[in-house]
Amino acid sequence: MKEVNLRSRAWFGRKGKDGFVYRAWMKNQGIPDYEFDGKPVIGICNTWSELTPCNAHFRELAESVKRGIYQAGGFPVEFPVMSLGETLMKPTAMLYRNLASMDVEESIRANPLDGVVLLCGCDKTTPSLVMGACSVDIPTIVVSGGAMLTGRHKGTSIGTSDLWRYQAAIKEEKMSQEEFVTLEGSMCRSRGHCAVMGTASTMACMVEALGLSLPNNAAIPAADARRKVLAQLSGLRIVEMVKDDLKPSDILTRKAFENAIITNAAIGGSTNFVLHLLAIAGRVGIDLTLQDIDTYSTKIPLLANLQPSGKFFMEDFYYAGGLQAVLKELAEHLNTDCITVNSKTIKENFERSEFVNREIIASVIEPFNAISGIVVLNGNLCENGAVIKPSAASAELLQHTGKAVVFEDIEDYKERIDNDDLDVDESSVMVLKNVGPKGYPGMPEVGNMALPKKLLMKGVTDMVRISDGRMSGTGFGTVVLHVSPEAAVGGNFSVIKNGDLITLDLPNRSLHLHVPDEELEERKQNWKAPALASERGYVNLYTSTVQQAHLGADFEFLRGKSGSEITRDSH
Ligand code: FES
Ligand code: MG
């Protein structure tokens with residue numbers, strides 16, 4: 001074994017009282033002395049929780065990781081961290097992303113760990129773990145939980161994106177309540193996270209494109225035995241990474257972030273990618289801006305024919321070659337010399353991949369859709385920017401002027417959206433305020449608000465919608481999101497009124513409010529900031545320190561890293 005200075009020796013390698021305390025209480029788990037004897041101690045940071053159904057199989061996955069760690073001569077220790085379940089947490093799991101990242105950061109730093117395996121699945125569990133680990137910067141590898149098998153209902157394939165269609169069908173009275181309930185079980189029929197290119201799969205692709213996971217991590221289905229093989233291989237690998245002292249800061253260069261943006265465009269990844277990538281960059285000290293997301297996306301066509309931008313599911317994606325096949329296709333656009341967790345460059349990794357199905361992973365020459373990526377909009381409606389995912393939007397609405405129908409908050413929207421006398425038609429622009437980071441709080445996924453019932457009944461399927469909130473990665477429509485500054489902190493978005501004209505002009509990257517500057521100034525003078533939900537506790541910390549969406553909605557004081565050193569003992 002290569003000579004390495006193990007961080008864990010500052011605990012288990014000690015003599016006297018301190019060594020006694022560090023070692024003796026570990027022994028109550030039935031661990032023999034030799035386990036502490038200079039082996040790399042590898043933490044398995046587990047987001048297992050029955051309240052995070054997408055990650056509920058992670059105890060089993062951890063066993064596979066452990067096998068790999070033992071085989072490589074390491075000593076595994078599994079520990080829980082706050083797990084963020086997208087479906088159950090109110091008001092939104094995003095409110096807790098930064099909190100979970102603090103849990104992860106402090107748990108890693110405070111403990112005798114030489115390396116860490118991050119078990120990530122449901123949307124926020126990936127960015128929170130990666131953000132936390134980056135702020136410590138010891139050798140780190142990500143193992144994702146994998147997507148669910150494709151849902152099946154009456155002979156058709158279904159996934160989370162269909163939920164939005166079912167919601168419309170119920171509103172239009174085209175579906176019975178009984179069928180709606182049956183669909184729940186048909187859609188979520190196996191372990192794993194959402195089966196489309198929603199945020200969880202986007203995050204799994206992001207870590208693979210960044211080089212933080214072994215090849216193929218993004219697409220192997222949760223129920224496929226090869227997911228366990230990957231977990232075991234990751235366990236083997238992390239021990240080597242400790243010996244090589246290969247840390248996140250060695251992998252996460254500026255070029256690696258560019259690769260992630262390029263890849264996200266090609267796969268039609270979630271708009272949530274923007275917030276999480278910016279937050280991760282902030283932790284490693286890479287100066288990445290919202291504009292960079294647009295800059296590196298523009299020339300990249302959409303290659304993956306996956307819902308919500310296309311037709312197929314994550315399972316199909318794996319069988320078609322998975323993310324490595326996409327990276328291979330993108331070779332001329334990528335920084336191919338970026339190093340990954342297996343010490344190989346991304347090029348050395350993707351060169352071994354194969355395309356299996358061009359209907360699912362298209363070529364750059366004949367892409368699935370020339371339009372891709374996430375476009376960053378600028379204009380007087382969003383002084384610090386906003387985003388839209390054109391591949392999930394309606395082409396005919398991408399240059400559109402319409403009258404604003406304004407909802408002051410989510411309660412206002414819910415109360416009035418289906419009123420017969422709501423003054424709205426298909427050319428209107430629906431505006432939802434106060435669903436931003438501070439305003440909601442936590443920036444929920446309500447931006448793709450359902451259309452008014454009376455327009456759905458007329459057969460309208462899409463309208464321009466604008467908010468300071470987010471949209472589920474499984475959602476679609478001509479939906480402008482992440483308006484910054486958000487309504488709750490002032491700015492032009494706060495003072496939009498019913499009937500104002502708004503122009504969305506995607507080719508020119510513009511979002512314009514047709515109200516003269518002087519009038520906007522006057523409205524702002526009379527604007528009263530809404531009361532924020534911040535009486536005490538974590539929500540108080542959140543609303544007082546969260547940054548705006550264009551900066552990734554991290555806490556200001558969490559940007560950067562504190563390293564892994566702890567000099568003082570506990571007794
Ligand atoms: Fe967990 Fe979609 S709800 S990934
Ligand atoms: Mg989601």
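1. Of the 571 residues in the protein, 57% are buried. The structure under review is a predicted model, and the percentage should be read with that in mind.

2. The secondary structure of the protein consists of 20 helices and 14 strands. Its radius of gyration is 24 Å, close to the 25 Å given by the globule rule for 571 residues, and the protein is therefore as compact as a globular protein of that length. Along the principal axes, the C-alpha atoms fill a box of roughly 75 × 55 × 50 Å.

3. The contacts of the protein may also be considered by separation in sequence. Among those between residues at least 6 apart in sequence, 79% join residues at least 24 apart.

4. Two packed helices are described by the angle between their axes and the distance between the axes. Here, the axes of helix α11 (residues 254-267) and helix α13 (residues 290-297) come within 8 Å and cross at roughly 60°. Because of that angle, α11 is oblique to α13. The crossing in which α11 passes α13 is right-handed.

5. Which residues meet where α11 and α13 are in contact? From α11 come E258, I261, I262 and A265, and from α13 come D292, I293, Y296 and S297. Sorted by class, this contact of α11 with α13 has 5 nonpolar residues, 1 polar residue and 2 charged residues.

Notes. Residues are numbered from 1 along each chain as its sequence is written. Chains are lettered from A and ligands numbered from 1 in the order in which they are written. This is a predicted model: local features need pLDDT of at least 70, side-chain atom pairs count only at pLDDT 80 or more; totals for chains, interfaces and linings use all residues. Axes are lines fitted to C-alpha atoms, for helices over the stretch in contact, and angles run from 0 to 180 degrees between N-to-C directions. Helices (H or I, at least four residues) and strands (E, at least two) are DSSP runs, numbered from the N terminus. Angles under 35 degrees count as roughly parallel, over 145 as roughly antiparallel, 65 to 115 as roughly perpendicular and the rest as oblique. A crossing is left-handed if the near helix is turned anticlockwise from the far one by less than a right angle, and right-handed if clockwise. Two residues are in contact if their C-beta atoms, placed from the backbone, lie within 7 Å. Ala, Val, Leu, Ile, Met, Phe, Trp, Tyr, Cys and Pro count as nonpolar, Asp, Glu, Lys and Arg as charged, and the others, Gly among them, as polar. The radius of gyration is taken over C-alpha atoms; the globule rule is 2.2 Å times the number of residues to the power 0.38. A residue is buried if 20 or more other C-beta atoms lie within 10 Å of its own, exposed if 12 or fewer, and partly exposed in between; C-beta atoms are placed from the backbone.
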